[in-house]
Amino acid sequence: QVAPTRAIQFAVFERIKYMMLKHQTTPEGKPKSLSPVGRLFAGGLAGMVASLFVYPLEVVKTMLTLNPGVYKGIVAAFMGAYNAGGVSGLYR
């Protein structure tokens, strides 16, 4: 859980940082750095995006742990959660 979350957070944070600083340079032509508020915004948004992607994995892991033998694997558990509740079934 930690590795996928951190990987997504890092990638999203760097992309947001790039988008925020794309056209901002110092008078010497060097790229500016994010302000503390900018870092807070980029980090918060990156954390939300990471949770959005990783939480369904946690739901499926819990389903597989609590119901051994019901699902043949991860894909079957994903399909079971989706069939039972649609997209919201992956976030219950």
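Student: At what N to O distance do the side chains of glutamate 58 and lysine 61 meet in a salt bridge?
Tutor: The model is predicted: local features need pLDDT of at least 70, side-chain atom pairs count only at pLDDT 80 or more, and totals for chains, interfaces and linings use all residues. Residues are numbered from 1 along each chain as its sequence is written, and side-chain values use heavy atoms, with hydrogens and water left out. A salt bridge is a side-chain nitrogen of Lys or Arg within 4 Å of a carboxyl oxygen of Asp or Glu. Glutamate 58 and lysine 61 meet, N to O, at 3.4 Å.

Student: Which helix holds glutamate 58 and lysine 61?
Tutor: Helices are DSSP runs (H or I, at least four residues), numbered from the N terminus. Glutamate 58 and lysine 61 sit three residues apart, about one helical turn, in residues 36-66. That is helix 2.

Student: Is glutamate 58 buried or exposed?
Tutor: Buried means under 20% relative accessible area, exposed over 50%, partly exposed in between (1.4 Å probe, protein chains only). Lysine 61, at 45%, is partly exposed. Glutamate 58 has 19%, so it is buried.

Student: How many salt bridges does a search of the whole structure find?
Tutor: Lysine 17 and glutamate 14 also form one, at 3.3 Å, N to O. Both lie in helix 1 (residues 2-21), three residues apart. The search of the whole structure finds two.

Student: Which residues does threonine 5 touch, not counting those up to four places away in sequence?
Tutor: Threonine 5 is in helix 1. At 17% relative accessibility, threonine 5 is buried. Contact means heavy atoms within 4.5 Å. With that sequence exclusion, threonine 5 touches Ala50 and Val54.

Terms used. Helix = DSSP H or I, 4+ residues; strand = E, 2+ residues; numbered from the N terminus.
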